[in-house]
Amino acid sequence: MDQSTPPGRAKQSFGKVYLIGAGPGDPDLLTVKAARLLRECDVVVFDRLVSSAIMDLVPAGISRIYAGKALNRHHLPQDEINALLVSLASSGRTVVRLKGGDPFVFGRGSEEALTLADIGIPFEIVPGITAASGCSAYSGIPLTHRGLATSVRYVTGHFRAGEEDMEHNWANLADPDTTLVFYMGLTNLENIADGLITHGLPGTTPAAAIQNGTTAGQRSVRGTLETLPDLVRDAGLRAPAVLIIGKVVALAENLAWFTPEAARADSDWTESGIGAGTGEGEKASDDAHDIQGFNSATG
Ligand SMILES: C[S@@+](CC[C@H](N)C(=O)[O-])C[C@H]1O[C@@H](n2cnc3c(N)ncnc32)[C@H](O)[C@@H]1O
């Protein structure tokens with residue numbers, strides 16, 4: 001008999017939760033393990049940044065729960081998502097918690113894992129290709145390159161102008177030998193460019209913004225720290241987008257290989273089909289809260 005179970009009480013048997021990174025959008029970038037678990041689980045709880053093409057891989061008959069938006073609210077709050085995972089696992093189900101990119105990069109996957117760990121629910125983390133890697137590869141911008149960048153930093157661009165922490169960070173970030181990748185930085189692009197230039201990064205430093213990276217809807221602009229805000233505005237780039245700043249950006253001149261037009265011809269991607277069903281694809285001012293280019297339908 002299991003000594004840890006008090007007499008008269010059945011030991012609760014939990015289902016397992018797999019916290020899985022879905023990558024940046026292209027379904028071919030899903031890991032083999034992720035694709036297998038999507039076929040084998042009982043339920044998929046998915047985020048707004050998981051592309052429809054990836055959700056199309058989930059077999060009919062497996063339940064889908066959209067955690068990106070609750071009825072009449074913008075987001076299902078994090079504690080409700082945590083509670084949902086606990087409740088599904090408590091009923092013995094095998095749960096896939098599917099997140100855009102990598103669950104441990106600006107994905108709050110660790111918060112969900114901590115909740116599960118606290119309760120003793122078994123879980124596994126399945127890494128995914130994070131937006132920085134996907135956008136780097138699909139726009140021909142290496143994140144490091146001998147002689148151009150000796151390090152790379154992933155930075156959140158989701159901050160308020162003048163915030164004390166960010167003020168302290170600028171001097172540290174303004175390193176000409178480091179490639180900076182800002183997630184959720186589109187809204188703050190002007191502040192980011194200002195902060196870096198003020199703290200010593202030349203205004204001529206190459207810089208790019210990539211929207212919907214790795215998908216048939218990928219759009220990007222390249223310029224310099226000084227010119228990028230205007231270029232982004234003129235091109236009407238919207239979230240989700242990453243900013244890549246550093247000398248490596250200039251290599252895209254020779255290395256950009258991906259043509260979204262060709263990818264569009266090979267897929268059923270349409271501008272209006274993106275974010276279908278919620279109208280949220282139009283709401284793109286704040287990329288922390290935006291789903292342009294991504295699945296938002298409750299399955
Ligand atoms: C909450 S973070 C999630 C990051 C995710 N966990 C990852 O590893 O990529 C959301 C931000 O990731 C970036 N992002 C995610 N997918 C993207 C894509 N396909 N193209 C460009 N940026 C993307 C955008 O900056 C977006 O605002």
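Modeller: Two strands count as paired if DSSP finds at least two bridges between them. Please keep this in mind for the predicted model above.

Colleague: What makes strand 1 and strand 5 a pair?

Modeller: Strand 1 (residues 17-21) and strand 5 are joined in the parallel sense by four bridges. Because the definition asks for at least two bridges, strand 1 and strand 5 qualify with their four. Within this pair, Y18 stands opposite E124 in strand 5.

Colleague: What is the order of the strands in the open sheet with parallel pairing?

Modeller: The order is 3-2-4-1-5, and the sheet has five strands.

Colleague: Why are strand 3 and strand 5 said to stand at the edges?

Modeller: Strand 3 (63-66) and strand 5 (123-126) each have a single partner strand, so one side of each lacks a neighbour in the sheet. From one strand to the next, the twist averages 20 degrees.

Colleague: Which strands does helix 3 touch?

Modeller: Helix 3 (residues 78-90) packs on the sheet and touches strand 1, strand 2 (43-46), strand 3 and strand 4 (95-99). The direction of helix 3 makes about 155 degrees with that of strand 4.

Colleague: Why is the sheet in the order 6-7-10-8-9 called open?

Modeller: This sheet has five strands with mixed pairing. Strand 6 (151-156) and strand 9 (219-224) are its edges; each has a single partner strand, so one side of each is left without a neighbour. Neighbouring strands here are turned by 15 degrees against each other on average, direction ignored.

Colleague: How do you know that strand 8 and strand 9 pair?

Modeller: Six bridges join strand 8 to strand 9, which run antiparallel. The definition requires at least two, and these strands therefore count as a pair. I210 stands opposite S220 in strand 9. Across strand 6, strand 7 (178-183), strand 8 and strand 10 lies helix 5, at about 70 degrees to strand 10.

Colleague: Which residues come nearest to the ligand?

Modeller: Of the 26 residues around the ligand, G101, G107, T130, A131 and G213 come nearest. Helix 5 (131-138), strand 8 (206-211) and strand 10 (241-245) are the elements that give two or more residues to this shell. By class, the shell has 14 nonpolar, nine polar and three charged residues. At least three residues come from each of domain 1 (17-129) and domain 2 (132-255).

Colleague: Where does pLDDT stay under 50?

Modeller: It stays under 50 over residues 272-299. Where pLDDT is low, the predicted coordinates should not be read in detail. The protein as a whole averages a pLDDT of 86, and 81% of the residues score at least 70.

Methods: Residues numbered from 1 in each chain as written. Predicted model: local features only at pLDDT ≥ 70, side-chain atom pairs only at ≥ 80, totals over all residues. Near = placed C-beta within 6 Å. Nonpolar A, V, L, I, M, F, W, Y, C, P; charged D, E, K, R; others polar. Domains from an automatic or database assignment. pLDDT = per-residue confidence, 0-100. Contact = placed C-beta atoms within 7 Å. Axes fitted to C-alpha atoms, helices over the stretch in contact; angles between N-to-C directions.
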